[in-house]
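Dear colleague,

Please find below the structure that I am handing over to you. A summary of the findings follows it.

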Amino acid sequence: MNASSKDNVIWVGDGPGGGPQKLHVSILGEEKARQDPPRAYLEGVQDFYGRDFIVTPDVLIPRPETEQIVDAVLNLAGKPYLPGVKPSKRKLPENPIILDVGTGSGCIAITLALELPDSTIYASDISKKAIEIAQKNAAKHNASIITIISHLLNKVNFTPDVIIANLPYVDKNWDWIDKTALSYEPETALYAKDHGLALIKELIRQAAEKQIKYLILESDPCQHEAIAKYAEDYGYDLINTMGYILSFNGHH
Ligand SMILES: C[S@@+](CC[C@H](N)C(=O)[O-])C[C@H]1O[C@@H](n2cnc3c(N)ncnc32)[C@H](O)[C@@H]1O
């Protein structure tokens, strides 16, 4: 979810090929001209892990840094996730049950359903509109996912082997965030209270209560230390950090 600005040039993280793209905006007094909608919304698709996903302004545009959530799950499943990188020993069962909380477009859940065909994938979101887009993407890719509308784990009545979540973690007070660049995306997909940590902390508490063994969370690297400390208090050891992604192992 990175975006930064300097003078009248804005870099947003969804340029052609997944890298940042440079957008020019004119600044008139206090009022910033609205920039064009992001390319992904204009075209209606965004690449994620080599596949095209339908996106509308009801869902966050998938970001390249989130692809490493898929890598982290493949790593737990003992599968190769990068050419030349030796996979680690399998920690998940052969037919893992995986829950993607805050699925949005469904990009992570659907990618995992395709990359790990022996798994059962659940995808949840608080937004009914997001779940509808995730279902469209599942049909587009002929992927099998089970969708749930829920606040975090409130309506989850089973025990997944691993929970993954790219929940909203942006703090509205961060001065390096360009709110103009983010203004086309749903606020409920971006921002969280308590320095951006409110939903992540609540998920950690709920996961601990359910004795979930593995937890994989995206957040800004500036939040990693605080999250690792909080998770430790709830019985989760940090086992891996990849870019924006933290992997935890519970010792419940
Ligand atoms: C940062 S977006 C991530 C979307 C997608 N997983 C991705 O990585 O592109 C966060 C998602 O969490 C959802 N969300 C926000 N609050 C939630 C809550 N309390 N419970 C469940 N999902 C929530 C939003 O609707 C949004 O789809």
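Predicted model: local features only at pLDDT ≥ 70, side-chain atom pairs only at ≥ 80, totals over all residues.

Strand E14 covers residues 245-250 and pairs with strand E13 in the antiparallel sense, over six bridges. Both belong to an open sheet of seven strands with mixed pairing, in the order E10-E9-E8-E11-E12-E14-E13. Strand E10 (146-149) and strand E13 (236-242) are at the edges; each has a single partner strand, so one side of each is left without a neighbour in the sheet. On average, neighbouring strands of this sheet are turned by 20° against each other, direction ignored.

The largest nonpolar core has 68 residues, and Val73 and Ile216 have the most contacts inside it. Leaving aside residues up to four places away in sequence, Ile216 touches Ile69, Ala72, Val73, Val162, Ile164, Ile245 and Ser247. In soluble globular proteins, nonpolar side chains tend to be buried together.

Finally, I turn to the ligand. It is surrounded by 23 residues, of which Gly102, Gly104, Ile126, Asn166 and Ala189 are the closest. By class, this shell has 13 nonpolar, nine polar and one charged residues. Helix H3 (107-115) and helix H6 (187-190) each supply at least two residues of the shell.

Yours sincerely

Note on methods:
Residues numbered from 1 in each chain as written. Core = buried A, V, L, I, M, F, W, Y, C linked by C-beta atoms within 7 Å. Buried ≥ 20, exposed ≤ 12 C-beta atoms within 10 Å, placed from the backbone. Contact = placed C-beta atoms within 7 Å. Pairing = 2+ DSSP bridges. Helix = DSSP H or I, 4+ residues; strand = E, 2+ residues; numbered from the N terminus. Axes fitted to C-alpha atoms, helices over the stretch in contact; angles between N-to-C directions. Near = placed C-beta within 6 Å. Nonpolar A, V, L, I, M, F, W, Y, C, P; charged D, E, K, R; others polar.
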